[in-house]
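Morning, everyone. Please have the sequence and the model up on your screens.

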Amino acid sequence: MASDTGSNMDREMILADFQACTGIDNIAEAITLLELNNWDLVAAINGVIPQENGILQSNFASEGSQTSPFGENSQAAATAPTAPPSTAESSSPPSSSSSAFCPVLPSRHIVERQPRMLNFRVEYRTRSVEVVLEEASTVGDIKQILETELQVPMSKMQLKGWKSGDVSDSTVLRSLHLPKNNSLYVLTPDIAPSATTSQSSSVQQESLNQNYLLIISHREAQREYSLNFPATRTIQEVKRNISDLTNIPVRHQQWDGWPASASDDSMTLASSGITYPCHHLSVCRRSSPASALEPPEECTDVHMVSDSEGDDFEDASEFGVDESEIFGMGSSSCRKSPMMPENSENEGDALLHFTAEFSSRYGDCHPVFFIGSLEAASQEAFYGKARDYWWGERKLLAIYLHNDDSVLSNVFCSQMMCAESIVSYLSQNFITWAWDVTKEANKARLLTMCTRHFGSVVAQTIRTYKTDQFPLLLIVMGKRTSNEVLNVIQGNTTVDELMMRLMGAMEIFTAQQQEDIRDEDEREAREMVKREQDEAYRLSLEADRKKREAQEREEAEQVRQERIRKEQEEEREAIRLSLEQTLPPEPKEEEGEPISKLRIRTPSGEFLERRFLGSCKLQVLFDFVASKGYPSDEFKLLTTFPRRNDKVDFGCSSAEQGLHNVLQTFSGRQITQLDPAWTLLEAKLFPQETLFLEAKE
């Protein structure tokens, strides 16, 4: 295809088709190959995939006279009239030394796509089996091949070494997001090994359980790293970890110290031949990363294989390619509708538009984006107690920042954000909120929201990221006093690395949540003790109040009783004085009238003596006794045992009178029961008598 025709096409679609046809996942490598062929999709595919594979059907202009491997129809197509070549093609004469790719005719077309192949190195005891399968195959297909090679029944075979843990036989390899080269091993616990095999197997198993200490020197930075790795870790994984530490991509790393046997990056450390338990290595950046891509002298088809399927993406500028030129930013080609409208008044409406556009571009399998403001998403994730069984536990907040101007956005969304494992993990453990920063107005609005909710440091951090470093995924954790950004994940990552970083953030969050739960339990325990103390104090105050009120009532009652008693005493005293004043004077013995001398014994043992006229009424006697403090309503006046039989008729029958006389004989007479109008003579209290007072019952 001519260069002027290619400049009007959507180069992003060309890049996607090229990756789908060739299986090259590394974007930088794919862009470089397309650039070398002037963005001619068919020529680039033909240069990578040999013609014998049956992928493309074409002829070189220099081979027009030869017989096509596809028959007469192909030969006819080669001789058909074609469009004139571009200026760029005609200006440089064809030369075998000028390019690794020969000029091709634009009449080529794709007849089928080559599926992505996966390589597996499977180790079993002392044997090693190489298996190559399409990614559409299942784990059971690998076991069937191993059953034939190892003569081990599938039912007794355990295939180990998967990064995602144990998988079933029906699991499709594509769903595991595997790199191109993989290392596995087979366990057969139900099959007893022979003596020699058992010994070697035990040694091999023991070696897989070991840990290696790699002392790696970074020559450029003059720095040394001491890293521990399990024996099951592959060389490729070690190189990726060093890439994170040194910022040197795997493809640009130049190593010294690996043994000659470590020729394949998919080999484990146990089988690589390094020294146990400590091995020294050194690494630096290659001086010219593009030298490996220089074309050979001969004009032959080249099949390029990425040395790292999961390498971090590098800026295309390293290869001398301008992003705006690659994707035709300044062209009049058809543009996608924006992910988010500019200057949207309502954040919820903007998120609805973002979700709809995301689904239309990348499908319905994507994280559930929170519809609402950033403040509402923060409250949804962070609000409530650490242990809240009613409203649900706290979650992490994942903020996805999209930028359509970044070359990484399409790949990150389609391969990372839409991966089933990522979608499931985000849905279970995160509240996902998204925003589009393609437009400056939307970006400024985001920075204002981040400053308000997370502080100026987070906003300044987002400002430092360049366009080609987007999209970003911010992992935010809510704390008691503030919100903390745990991690900022850039777009140049893989599914496995993204999952590892999400799981790492989840581990930090879980530890913090357990600490918060302990703090809340301790706080609730303290509050419970305080409530119990407050309740005990309240009950104590209530008891004291009741006791005080009872005491006050008792004292009031005593005062009242004392007042009544005093009133009664005053009343009795007044009665006594009045009675004392009304008593007739005590007669003298010389008077001629009959005088009765009475001697009255009180309950205290004292005696009251007085003379009365015999004609005095008994009432005078009663008044005298009452004037001395012994009223007749409280005391009774009795005589001693009578010396005579008094027969007094009180209206009783003879039998009753006899009983009265008997009682009187033993207990004396009760004077207070006699008629007060009787005289002392009539009462037979003459000339003298001894009486005694007794309190009434």
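**A walk through the model**

Phe229 is buried, because its relative accessible area is 4% and the cut-off for buried is under 20%. One caution before I go on: this is a predicted model. Phe229 is found in strand β8, residues 223–230. What does Phe229 touch, not counting residues up to four places away in sequence? The list is Gln210, Asn211, Tyr212, Leu214, Val238, Asn241 and Leu269. Take Leu269 from that list. Phe229 and Leu269 are 40 residues apart in sequence, yet 8.4 Å apart in space, C-alpha to C-alpha.

Now the whole chain. The protein has 697 residues, and buried residues make up 42% of them. There are 20 helices and 18 strands. Look at contacts between residues at least 6 apart in sequence: 67% of these join residues at least 24 apart.

Next, helix α12. Find residues 347–362. The helix has 16 residues. From first C-alpha to last, α12 reaches 22 Å, close to the 22 Å expected at 1.5 Å a residue. At the start of α12, a side-chain oxygen of Asn346 comes to within 2.7 Å of the backbone nitrogen of Gly348. Just after α12, Gly363 takes a positive phi of about 100°.

Which residues of α12 are buried? Glu347, Gly348, Ala350, Leu351, Phe354, Thr355, Glu357, Phe358, Ser359, Arg361 and Tyr362. Keep the helix geometry in mind here. An α-helix has 3.6 residues a turn, so residues three or four places apart point the same way. Now run down the buried list again, with Ala350, Phe354, Phe358 and Tyr362 among them. What covers these buried residues? The cover includes helices α13 (374–382), α14 (409–417) and α16 (440–454). It also includes strands β11 (396–402) and β12 (430–436).

Stay in that region for the aromatics. The structure holds 13 aromatic pairs. Take Tyr400 and Phe412. Their ring centres are 6.0 Å apart and their planes are at 5°, so the pair is stacked. This pair links distant parts of the chain: Tyr400 is in strand β11, Phe412 is in helix α14, and they are twelve residues apart. Are these two buried or exposed? Tyr400 is buried, at 0% relative accessible area. Phe412 also counts as buried, at 0% relative accessibility. The pair belongs to one aromatic cluster: Phe354, Phe358, Tyr362, Phe369, Tyr400 and Phe412. Phe354, Phe358 and Tyr362 were on the buried list for α12.

Now β12. Seven of its seven residues are buried, so β12 is largely enclosed by the rest of the structure. In a regular strand the side chains alternate between the two faces of the sheet. Both faces of β12 are covered. On one side sit Phe430, Thr432, Ala434 and Asp436. On the other sit Ile431, Trp433 and Trp435. What does β12 pair with? β11 and β12 pair in the parallel sense, over seven bridges. For a landmark, the bridge partner of Leu397 is Ile431 in β12.

On to another set of strands. Five bridges join β3, residues 117–124, to β6, residues 181–187, and the two run parallel. There, Phe120 has Asn182 in β6 as its bridge partner. Strand β5, residues 158–160, is joined to β6 by three bridges, and that pairing is antiparallel. Gln158 has Leu187 in β6 as its partner.

Two loop residues next. Glu135 lies in the loop between β4 (127–134) and α7 (139–150). Glu135 is buried, with a relative accessible area of 17%. Leaving aside neighbours within four places in sequence, Glu135 is in contact with Arg116, Leu118, Val172, Leu173 and Arg174.

The other is Asp633, in the loop between α19 (618–627) and β17 (635–639). Asp633 counts as exposed, because its relative accessibility is 57% and the cut-off for exposed is over 50%. Asp633 and Lys696 are 63 residues apart along the chain, and their C-alpha atoms are separated by 8.0 Å.

Last stop: charges over rings. The charged end of Arg599 sits over the ring of Phe607, 3.8 Å from its centre. The charged end of Arg610 sits over the ring of Phe612, 4.8 Å from its centre.

That's the tour. Questions, please.

Note on methods: Residues are numbered from 1 along each chain as its sequence is written. This is a predicted model: local features need pLDDT of at least 70, side-chain atom pairs count only at pLDDT 80 or more; totals for chains, interfaces and linings use all residues. Side-chain values use heavy atoms; hydrogens and water are left out. Helices (H or I, at least four residues) and strands (E, at least two) are DSSP runs, numbered from the N terminus. The expected span of a helix is 1.5 Å times one less than its number of residues. Buried means under 20% relative accessible area, exposed over 50%, partly exposed in between (1.4 Å probe, protein chains only). Contact means heavy atoms within 4.5 Å. A polar contact is a pair of N or O atoms within 3.5 Å; within protein, one must be able to donate a hydrogen and the other to accept it, and residues adjacent in sequence count only if both atoms are side-chain atoms. Rings of Phe, Tyr and Trp (its six-membered ring) pair if their centres lie within 6.5 Å; planes under 30 degrees apart count as stacked, over 60 as edge-to-face and the rest as tilted. A charge sits over a ring if NZ of Lys or CZ of Arg is within 6 Å of the ring centre and within 35 degrees of the ring normal. Two strands pair if DSSP finds at least two bridges between them.
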